[in-house]
Amino acid sequence: MRHFTLPEDGGLIKEGLPKDILHGYDKIFTEVYSDSTEAGWVIADEIVKAISDFEAANPDRLFKLGLTTGSTPVSLYKILSRYHREGKISFKKVEVFSIDEYYPMAKDAPQSRNRRLHEALLDNVDILPENVHIPDGSIPHEKISEYCRDFDAAARELDLLVIGIGEQGQVGFNEAGTSEQSRTRTVLLSYASRKRQAANFNLDTAVTPKEAITMGISTMMSAKRVILMAWGEQKADVVQKIVEGEVDASVPASYFQHHPNISMYVDEVAGSGLTRVVAPWLIGPCNWTPKFRRKAVIWLCQKVGKPILKLKHEDYLQNSLEELVDLVGQYDQVNIDVFNDLQHTITGWPGGKPNADDSTRPVASKPFPKKVLIFSPHPDDDVISMGGTFIRLVHQGHDVHVAYQTSGNVAVHDSVVLQHMDAAKQLGFGDRIEEVKALIDSKKPGEPEPRKLLDIKGAIRRSEARGADHSFGMQDDHIHFLNLPFYESGGIKKNPCSQTDVDIIKKLMDEVKPDQIYMAGDLADPHGTHRVCTEAALEAFAQLKEEGASWIPDCHIWLYRGAWMEWELGRVDMAVPLSPDELIEKRHAIYRHLSQKDIVPFPGEDPREFWQRAEDRTQATAKAYDALGMAEYQAIEVFLKLR
């Protein structure tokens, strides 16, 4: 499977630039890679070298390696497992220390950190069982203090510690307020933490542990070498705080600024808040592509609080942008060029305006109508992320198809199922409610849900998606449910994406032969559904291109983002304004997804419902365009053009 990376827009010229300049704002030395897999190869190579060098110098000692669990190290562990199969690394002289475990928790419980680390890595390599040290969640309460003391002593002065950071800067279960002097101990989990961890317990906070055992900050800081990892756009803010901000107890990972031998590895979206990305002209010479000029001018407008055409020469000079002015010749020409460039992204015709001059429009006027294929990872991402544009494409007469790539069944709460069954019973359509209750009662935390129950949940989500699409005129024969097999694991952890998934997408693409394809471009979870779905769709497109599909050369791919974040205006290729009525029509389409309303199983830290997030995001985008001197709109949805 080919990995998905976002299109570049120019930026810092890194060739020949000394690292002390490139990393001049780093308080923790940080490397940015295109994705977690690319970074994983680099980290894996460092681990291999560290173990090899240590064994050569210390033949009678074990290498002490600290590791983490969760989604962050998934790519790394796959690579290390592969390296072991290829004979590039042995763990026979390595002892592993894991940083945390739920408490109480049996070692073999499906949700235990112990089991997850074994399944992800330890069972795939030749480490000796006696050299595996994972906090034991089965220790009796009266002995836990003594156990933590002994574990802490053994885990000190690790040769290498490799860990991920959480969205709030937590490491292990060391959350906001943790002392830098903390040691291995039991901690009470906050409600927010238990809500996050509930994904591992069938979304039931009632059975999610209230405590955990975790290495302390001082235990981690005693390691001789530390590697931190962070992937996904939801970690962008905290990465910037950890790398460039002040040491702050509310962001525990920031304590690692005090460590003498530490590096952080992030992907391009997690690192998107770093100065070298946000304002690289503050660091060194830049590659001033048209899009990059736009990025710089928008940054300047936001910094000085002016629209584009009111920027003055001194604004550029006082904010390290004299290189751009020198390149163009005059500051006011920079203003005009960028203003026109940004204005040309705005169109009320996302499928192209018929019989119009399209020389400065983001979409060609011909052919009209266009065949459009919208991919939605879950059954509601389409209307949440680009509902206004979807509605416009339909109303403007294009031949629009929508493809729901996964069933979304695990995101339906049990109570919603029972409510639907009760309605069916009252209407006389059979009484299976007791059977369904028995299915629900048979569920075991951490294990896949019963297939019959998943089928009911999938049917609920399909009916909701159809209802949303019908609300603005879509016909059933243009609504496609792909039910990609990788998703159908019955639990939070999905199966690997395979050629079977790709073939399903290829078949639909070749049937529709679209002029436009829309797909998710948000990478909030690098191992989650959105990214897998997009990479599968891009793989399908690439294979069809290699096979010579005749429609491919004239097809353009547009990327939308999800409910949480929006594309930076400096990167936008198309901006679709929405009127107040269109915004309400989009809201009503989102309302049709009743199983996701009020009791969303995966809300994250944001308490707003999906329709609120979507409206706030698109209205904020409209205000940002307005502040730059563009026309004032109610809301705007924006897109990147991949090809």
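In which loop is E157 found? Good morning, everyone. I shall answer that question directly and then turn to the chain as a whole. E157 is found in the loop between helix 5, residues 144-155, and strand 7, residues 160-164. Please keep in mind that the structure shown above is a predicted model.

Let me stay with E157 for a moment. Its phi is near 55 degrees, which is a positive value in a residue other than glycine. Most residues other than glycine have a negative phi, and most peptide bonds are trans. E157 is also exposed, because its relative accessible area is 52% and the cut-off for that class is over 50%.

A second residue of this kind is N483. Although N483 is not a glycine, its phi is positive, at about 45 degrees. N483 lies in the loop between strand 15, residues 479-481, and helix 18, residues 499-512. With a relative accessible area of 32%, N483 is partly exposed.

I turn next to the peptide bonds. The bond from Y103 to P104 is cis, with omega near -5 degrees. P104 has its place in the loop between strand 5 and helix 4. The bond from F368 to P369 is cis as well, with omega near -5 degrees. P369 is found in the loop between helix 13, residues 331-343, and strand 13, residues 371-376.

Let us now consider the overall form. The chain contains 21 helices and 19 strands. Its radius of gyration is 26 Å, close to the 26 Å that the globule rule gives for 643 residues, so the chain is as compact as a globular protein of that length. Along the principal axes, the C-alpha atoms fill a box of roughly 80 × 75 × 45 Å. Of the 643 residues, 56% are buried. Among contacts between residues at least 6 apart in sequence, 77% join residues at least 24 apart.

One pair of residues gives a sense of distance within the model. P140 and A537 are 397 residues apart along the chain, and their C-alpha atoms are separated by 50 Å. P140 is placed in the loop between strand 6, residues 132-133, and helix 5. It counts as partly exposed, at 34% relative accessibility.

A537 brings us to helix packing, as it is one of the residues of helix 19 that touch helix 18. How do the axes of helix 18 and helix 19 cross? They come within 8 Å and cross at roughly 65 degrees, and the crossing is right-handed. On the side of helix 18, the contact is made by Q499, V502, I505, K506, M509 and D510. On the side of helix 19, it is made by A536, A537, E539, A540, F541, Q543 and L544. These residues divide into eight nonpolar, two polar and three charged.

Helix 14 contributes V383, I384, S385, G387, G388, I391, R392 and H395 to the contact. Helix 20 contributes E582, E585, K586, A589 and I590. The residues of this contact divide into five nonpolar, four polar and four charged.

Let me now look at a helix with a buried side. In helix 4, residues 113-120, the residues R113, N114 and L117 are buried. Why are they on the same side of helix 4? They lie on the same side because they cover an arc of only 105 degrees around the axis. The buried residues of helix 4 pack against helix 3 (74-85), strand 4 (94-98), strand 5 (100-103) and helix 6 (191-197).

Strand 4 includes S98, a residue that counts as buried at 0% relative accessibility. Leaving aside neighbours within four places in sequence, S98 is in contact with L67, T69, L117, H133, I134, P135, F151 and M215.

Is S254 buried or exposed? S254 is buried, with a relative accessible area of 0%. Not counting residues up to four places away in sequence, S254 touches I242, E246, V247 and D248.

Thank you for your attention.

Key:
Residues numbered from 1 in each chain as written. Predicted model: local features only at pLDDT ≥ 70, side-chain atom pairs only at ≥ 80, totals over all residues. Heavy atoms only, no water. Contact = heavy atoms within 4.5 Å. Helix = DSSP H or I, 4+ residues; strand = E, 2+ residues; numbered from the N terminus. Nonpolar A, V, L, I, M, F, W, Y, C, P; charged D, E, K, R; others polar. Buried < 20%, exposed > 50% of the residue type's maximum accessible area, 1.4 Å probe, protein only. Arc of directions from axis to C-beta. Rg over C-alpha atoms; globule rule 2.2 N^0.38 Å. Axes fitted to C-alpha atoms, helices over the stretch in contact; angles between N-to-C directions. Left-handed = near helix turned anticlockwise from the far one by under 90°.
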